[in-house]
Amino acid sequence: MTEETPGFEEKPDVPSGATPDDAEPKAASSSEEQAAPAGDANQTAGLVAQLDQVRTALGERTADLQRLQAEYQNYRRRVERDRITVKEIAVANLLTELLPVLDDIGRAREHGELVGGFKSVAESLETVAAKMGLQQFGKEGEPFDPTIHEALMHSYAPDVTETTCVAILQPGYRIGERTIRPARVAVAEPQPGAQTVKAEGADEAPAAGDDKDNGPEEG
């Protein structure tokens with residue numbers, strides 16, 4: 001008859017070379033494997049959200065940079081335009097002060113007094129003024145234009161068909177398209193009634209011709 005030892009409990013079989021505690025890590029690792037996919041998904045969602053924020057910030061900074069670049073280009077154009085305008089005004093003011101000297105040179109040339117060293121200096125001054133963009137205008141026989149001519153004398157003439165510049169009292173000057181002094185001229189208008197008389201004479205001429213043509217027929 002066999003006697004049972006009090007307090008003895010059966011334990012599960014444990015593989016040889018292993019301890020009972022080796023079974024517990026396996027259970028823990030399986031739990032971690034189940035939790036890992038959920039953690040990776042949350043981490044990926046967080047990275048995507050951060051990437052969207054970075055892209056939004058990059059787009060805003062790019063727009064700011066493009067706006068600043070456009071403003072800088074507009075500023076450069078405005079500065080260059082202002083610089084050119086200031087230069088043109090300065091040149092025009094300088095040349096305007098020289099116009100009386102150029103008028104004296106022109107009168108001396110007309111009277112044959114432009115000789116010797118004075119001639120050389122005068123021609124050099126005119127050359128420099130031309131290089132700076134000064135252009136002279138105004139010729140006899142051209143139609144009167146109130147935008148570029150200033151009429152100082154007025155008369156009538158039978159040989160003109162419109163208001164015409166018949167004498168240039170002072171030449172005009174311009175820089176590019178900008179007139180700095182109009183040409184001062186004497187103008188002539190068509191003689192009042194000249195066109196009417198001419199038209200009446202033209203109407204009467206055929207009648208006289210008809211009388212001559214009818215004479216031989218009657219004879």
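By the rule for aromatic rings, to how many aromatic pairs does the count come? Then please look closely at the sheet in the order 1-4-5 and what surrounds it.

Reply: The count comes to zero aromatic pairs. The rule asks for ring centres of Phe, Tyr or Trp (its six-membered ring) within 6.5 Å; planes under 30 degrees apart would be stacked, over 60 edge-to-face, the rest tilted.

A word on the basis. This is a predicted model, numbered from 1 along each chain as its sequence is written, in which local features need pLDDT of at least 70 and side-chain atom pairs pLDDT 80 or more, while totals for chains, interfaces and linings use all residues. Side-chain values use heavy atoms, without hydrogens or water.

First, the setting. The protein chain has three helices and six strands. These are DSSP runs numbered from the N terminus: helices are H or I with at least four residues, strands E with at least two. From the N terminus on, the order is α-α-β-β-β-β-β-β-α. The chain has 219 residues, and 14% of them count as buried (under 20% relative accessible area; exposed is over 50%, partly exposed in between; 1.4 Å probe, protein chains only).

Strand 1 and strand 5 stand at the edges. Each has a single partner strand, so one side of each lacks a neighbour in the sheet. Neighbouring strands are turned by 35° against each other on average, direction ignored (axes are lines fitted to C-alpha atoms; angles run from 0 to 180 degrees between N-to-C directions).

Take strand 1 and strand 4. Strand 1 covers residues 134-137, and strand 4 covers residues 172-175. Four bridges join the two, and they run antiparallel. Leu-134 stands opposite Ile-175 of strand 4. Gln-135 stands opposite Arg-174, again in strand 4.

Next, strand 4 and strand 5. Strand 5 is residues 178-181, and three bridges join it to strand 4 in the antiparallel sense. In the hairpin of the two strands, two residues lie between them. There Gly-176 takes a positive phi near 65°. Tyr-173 has Arg-181 of strand 5 as its bridge partner.

Arg-181 is found in strand 5. The residue is buried, with a relative accessible area of 8%. Its side chain reaches the backbone oxygen of Pro-171 at 2.7 Å. That is a polar contact: N or O atoms within 3.5 Å, one able to donate a hydrogen and the other to accept it, with residues adjacent in sequence counted only if both atoms are side-chain atoms. Leaving out residues up to four places away in sequence, Arg-181 touches Leu-99, Asp-103, Phe-137, Gln-170, Pro-171, Gly-172 and Tyr-173.

Arg-107 lies in helix 1, residues 23-110. Arg-107 is partly exposed, with a relative accessible area of 39%.

Three strands form an open sheet in the order 2-6-3, with mixed pairing. Strand 2 (149-157) and strand 3 (164-170) stand at its edges, each with a single partner strand, so one side of each has no neighbour in the sheet. The twist averages 25° from one strand to the next. Strand 2 pairs with strand 6 (residues 183-190) in the parallel sense, over eight bridges. Ser-155 has Ala-188 of strand 6 as its bridge partner.

His-149 belongs to strand 2. His-149 is buried, with a relative accessible area of 4%. Its side chain makes a polar contact with the side chain of Glu-142, at 2.8 Å. Beyond four places in sequence, His-149 touches Glu-142, Pro-143, Phe-144, Cys-165, Pro-182, Ala-183 and Val-185.

Conventions. Two strands pair if DSSP finds at least two bridges between them. Contact means heavy atoms within 4.5 Å.
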